[in-house]
Each structure stands twice: as structure tokens, then as C-alpha cells.
Amino acid sequence: MTWIEAIVLGIVQGLTEFLPVSSSAHMRITSALFFDEDAGASFTAVTQLGTEAAVLIYFAKDIFRLSKTWIVGLWDRSVRSTLDYRMAWYVIIGSIPIGAIGFLFKDQIRSAARNLWLVATMLIVFALVLAFAEFWGRKVRTIEQFTLKDGVVMGLAQAMALVPGVSRSGGVVTAGLLLNLTRETATRYSFLLAIPAVVMSGLFSIPDVFDTSGEGLTPSVPQMVVATLIAFGLGYASIAWLLRYVAHHSLYAFVLYRVALGSLVLCLLAGGVISAT
């Protein structure tokens, strides 16, 4: 990996991780368009440690409160009826699907799932699903009305994002809208739900990203650190922007963008401009 590749991909990761546009798809497409080689799933997973560090800092008070309440609730029954205690469990339970599926299909996720025909198709298909959810969802249920069913369904939606093009945040928010949650509630839960899965995936991928015999480009340690720090800085800025945006706007702009990008990639593939693998 060259320095320009590491810097550009770090920027792409930071800008797209929290938007419902699929950061992994953007990393894959950017690699194909500008560098003619896939950076690899491991590189993507490790740079996500930077964006998740941004989540940990931005939501530090919430995370500390939820963690403290959960620990106390394990021994003190009086706090088990609180929203914080229940939300902590919803995040834990909602993280199980992506962890289990990611472990079972690790090899396929790092190879076949990164085919650009599939990535572009998923960008378009799940854009249409997001549009339907935005149109059909009543957006009346707040965080106080969040249930275990919501956590499980949105956890399953997050697991679908193991395929680039689906979008982890987009899948979770789409499921939330279909469950009639407000955009703000669905978005906040998507941030919290990402922490266990993304952090564990990134940590487990650190040895693989430096394995020269594996899939994708091999960065140096300094390149990996710089890309992750760039992702952290831009990711932190995008969190605040997205929370403000969803409070006052629909998600149709992201739908149009996904369809346009997916269609462009399909045209480039059909014309032989870029390779699918």
C-alpha cells in the first residue's frame, strides 16, 4: 500500500462510516476506481476502530451510564426496570447476530462478498428498501418505547451489512423506521449497536491486515495508524452532523445517492472499465 492509498481510504472511511451509504462499499469502489486493487476487508475493519473511537468519545457519558447501570443491575433488582438497564441488554443481544454470522462466514465475507457486481446491486436494492422505510414508517416511537423486539430486529439488520453495499448504519436505521421508531432513536441506537461488533472485528483483523499472504493490500504500521486517525477525526465530525441532519430531514437524499453510485458502478463493470474482483 502507498501513502496516498492509506490517506485516501482513511478519508473515505471517516466520511462514510456513519452515513447510510455503506462505508465498506465506498472503500471497495474507491480501491477499484483509483488504485486498481482491493484494499481488503481487514484494512476496512481496522480503520473502523478509528470511527468507533469517535463514537466512544462522542457518547462517552451515555456509554458510561449504560455500562454502570448494567453492572449494578446484575446485583440490584431495583434498577432492572430502568431504561438504561434494558438498553444495555438490547445492545448486547442485538450484537449477537453480526458476531455469529461474521465468525461463521469470515472467508466468504473477505472474498466473494466483495465482488463489485454484488456490491453495486446491494447499494441499489437496499436504497429502495430504505426509501420504502422512510415513506412507510410512522416515526412516532421514541427511545422510551424501545423494546427487546426492536433490538433483535435491528441487530439482524446490522448483520446484513457484512455484505458491502448494504450499510451497517443504513440497515439498522431502515429496520428502526419499519418498526415506527423516530429517525433520531434509530440513529442513536445504530451508533451504540456498532460498538461491540465493530471494535471486536477491528481488533481481530489487526493481525490479518499485516499478513502479506492474505487478501488485499498490505499497509505498513505507520500507514495503518495514520489512516485510522484520519477516520477518527472525520468520523467524529460526521456524528454530530448526522444527528442534526436526521432530526430535520428525510433520508431520501441518501437513497438517490446510493442508486446513482450503484448504477455508475454497474455501468463501469459492464463496460469493462473496472474489474469485479
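Q: Why is the pair Lys106 and Asp208 called a salt bridge?
A: In this predicted model, the closest N and O atoms of Lys106 and Asp208 are 3.6 Å apart, and because a salt bridge requires a side-chain nitrogen of Lys or Arg within 4 Å of a carboxyl oxygen of Asp or Glu, the pair qualifies as a salt bridge. Lys106 lies in helix α7 and Asp208 in helix α11, so the bridge ties together parts that are 102 residues apart in sequence.

Q: What makes Lys106 count as partly exposed?
A: Its relative accessibility is 38%, and since buried means under 20% and exposed means over 50%, with partly exposed in between, Lys106 counts as partly exposed. Asp208, with a relative accessible area of 23%, is likewise partly exposed.

Q: How do you know whether Glu134 and Arg183, whose side chains meet in a salt bridge, are buried or exposed?
A: Glu134 has 5% relative accessibility and Arg183 has a relative accessible area of 14%; buried means under 20%, so Glu134 is buried, and Arg183 is therefore buried as well. The N to O distance in their salt bridge is 2.6 Å, and because Glu134 lies in helix α8 and Arg183 in helix α11, the pair ties together parts that are 49 residues apart in sequence.

Definitions and conventions: Residues numbered from 1 in each chain as written. Predicted model: local features only at pLDDT ≥ 70, side-chain atom pairs only at ≥ 80, totals over all residues. Heavy atoms only, no water. Helix = DSSP H or I, 4+ residues; strand = E, 2+ residues; numbered from the N terminus. Buried < 20%, exposed > 50% of the residue type's maximum accessible area, 1.4 Å probe, protein only.
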